[in-house]
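Colleague: Could you take me through this structure and tell me, term by term, what each label rests on?

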Amino acid sequence: MLKIPLVVLALLLAPALVAPPAEAQSARRPLLIEGTTSLWQRVITRPGAVLAPRPGETGVTRPVPAFSVLYVYDRREGWLEVGETANGRTLGWIAEERAIPWRHTMILAFTNPAGRERAMFFRDAETVRQAWAARDRAARADAFRAAGANGPVIALEPEVHVDITRNFYLLPVLSAEIMEPEHGAPARLLEVLSAPARTAAPPPGAEALRDFRAAVVFVIDTTISMQPYIERTREAIRRVVSRIGDTVVRDNFRFGMVAYRDSLEGRPRVEYLARLFALPDFQAAPDAILPRIAEVREATASTEGWQEDAGAGIKLALDEVKWNEFGGRFLVLITDASMREPPDPRASTGLTAADLNALARSEAKQVAIYVLHLRTPEGGRADHARAERQYRQLSAFGAAGPLYYPVPDGDVSAFGAMVDVLADSILAHVAATVGRPIAGIAPPQAEATRRIAEQTEVVAHAMRLAYLGRLERAGVPDLVRSFTVDEDWADPTPSRRPMEVRVLLTRNQLSDLAATLRGIIEAGNAGRLAPETFFGRLRGLAAAMARDPRRVAELQRVGGVFAEFLDGLPYRSRIMDITEDEWVAMGAGARREIINALEARLRLYEEYARQPELWVNLDRARDPGEAMYPVPLAHLP
């Protein structure tokens, strides 16, 4: 296989370029991209680029770090005047041939490689097109890998997970096209650019893995009828705590517990919506959790309806637990009911199951959510089906698939076996990771519990790869310009996707996006009884947000109200393409569904905005409004 050095991208590691003194530069702005009114021209510098004080001057020059992202302020006879920020301060001139235009701030972000093959990067695009269109594409991909340096593949993604938040890297997408073969799934063909950089730190040895720590946080429904399951969960925790009490693994494994019920509106005797009973605490002994969780009891008063606000408990656990302190991050939801989702006014978080999954899987959390669903006779077939749909979305985890485990009839004995196997499987993998295996853990026998163990093996492997990536400061492949596909060659499904196409949005742009969504939601709600007024309201919104007057006059689709930074991105949106005639004809129910989806997406953007650890600042001036977060294309409107 190819021996590609895996290195950390130099973009953020290079010293800042110092701009020469410039009076009145603050009034200047970069050049606009042709045909736009708000998008600045940017370039990525090639290796060997140098800064000159004037166009064509070769005497006094300064080197520019390769693959720096710079704004273009002027163009003269094959030279570009550039600056690091859009605030008017320029650095000098570089030869245009030493720069590559970057119209869209699209980048690639690797997903965790556990359970799939590593992504391949090719020398040319036509090889990828032909191979993806072939019926035997998986066999061709195997042949490409086997060919090594003699084949068309010039690099592979790193073996360990590259965490784009902890070790920000820039893998710019220069162009993208959607391939739609006659046979099989579509995919994006991406032209990408990467950079050699300074040598990465030496890989950690086995001794470093001894510091690997894992946390298992139970989020448990404590409404009426849940007491037997609460007690059985406590028993599983007590058993594991006892097992590790006299072993060295006691320093690597902890439990936590969050309980939830439902809205207190009109029902104060329900006592609480969500409550944190115990954090995973390595400052205390493993058994310190036992008296804390002994206080957990089922409610004495009923909630309204069968659904509960599981999202409140999950969100509390995601927010309050310091997940970045752990290598293994596991959340286990135990419930006998479906969860409240928007537009239900009692859904306190305003987030759907899919949105909560996105938060859990974000770089700031990287938490695996398991769901043990008690399909009790009282729940009824309709609620069981709704819950299964929700919890499969909530628990989706890459190549492992949904970590959803139904308990037929809510059988307490079967539930207990599942809890035991889940806790044992996680404990066994933590022990193996730190090199201190624990004896006496019997392999599961039943089919349901075997599936828990098998999926946990994939999840635990992903956690190890992510942890190693953080220790090694894993970087992107060392290559210059290449082509890749954003789907797995053998199994092009979302769960096995090797990378995400993302767009770098600034805080200002995300704020604009959120404001646009609010305006569309208000327009939709205001025009519920007169849908033919919706587009008139959108045109007013576009004018109020100072959009290009031509866009306002020509607004034919919902997407026209959004800012220009979304134009031309390679993603498909049901909402953005809706025309005025389609909006009126689709019916009240369909319109309500779209507004609900936009409300949930708005809540997700608000969550992004409030998490400072997600944002990186490429602006040397540290303008907080220009800090960036790589938003997945799938999370755009």
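Modeller: The second largest cavity is lined by Arg254, Phe255, Leu279, Pro280, Asp281, Ala284, Ala285, Pro286, Ala288, Ile289 and Arg292, and strand 14 (253-260) and helix 5 (289-293) are the elements that give two or more residues to that lining. This is a predicted model, in which local features need pLDDT of at least 70 and side-chain atom pairs count only at pLDDT 80 or more, while totals for chains, interfaces and linings use all residues. Residues are numbered from 1 along each chain as its sequence is written, and side-chain values use heavy atoms, with hydrogens and water left out.

Colleague: What makes a space a cavity, and how many cavities of 30 Å³ or more does the structure hold?

Modeller: On a 1 Å grid over the protein atoms alone, a cavity is a set of points where a 1.4 Å probe fits but cannot get out, and lining residues have an atom within 4 Å of a point. Helix 9 (412-433) and helix 10 (447-472) each supply at least two residues of the lining of the largest cavity, where helix 9 has the largest share, five residues.

Colleague: Why is Gln130 called partly exposed?

Modeller: Gln130 has a relative accessible area of 48%, so it is partly exposed, a label that lies between buried (under 20%) and exposed (over 50%), with a 1.4 Å probe and protein chains only. Gln130 belongs to helix 1 (residues 125-133).

Colleague: Why is helix 6 described as largely enclosed by the rest of the structure?

Modeller: Eight of the eleven residues of helix 6 (residues 310-320) are buried, so the helix is largely enclosed by the rest of the structure. Among those buried residues are Ala310, Ile314, Lys315 and Leu318.

Colleague: How do you know that Asp355 has no salt bridge?

Modeller: A salt bridge is a side-chain nitrogen of Lys or Arg within 4 Å of a carboxyl oxygen of Asp or Glu. For Asp355, which is buried, the nearest side chain of opposite charge is Arg601, 4.3 Å away, and Asp355 has no salt bridge. Asp355, in helix 7 (residues 353-361), does touch Ala600, Arg601 and Leu604, not counting residues up to four places away in sequence, where contact means heavy atoms within 4.5 Å.

Definitions and conventions:
Helix = DSSP H or I, 4+ residues; strand = E, 2+ residues; numbered from the N terminus. Lys, Arg positive; Asp, Glu negative; His and termini not counted. 1 Å grid on protein atoms, 1.4 Å probe; cavity = no way out; pocket = protein on both sides within 12 Å on 5 of 7 lines; lining within 4 Å.
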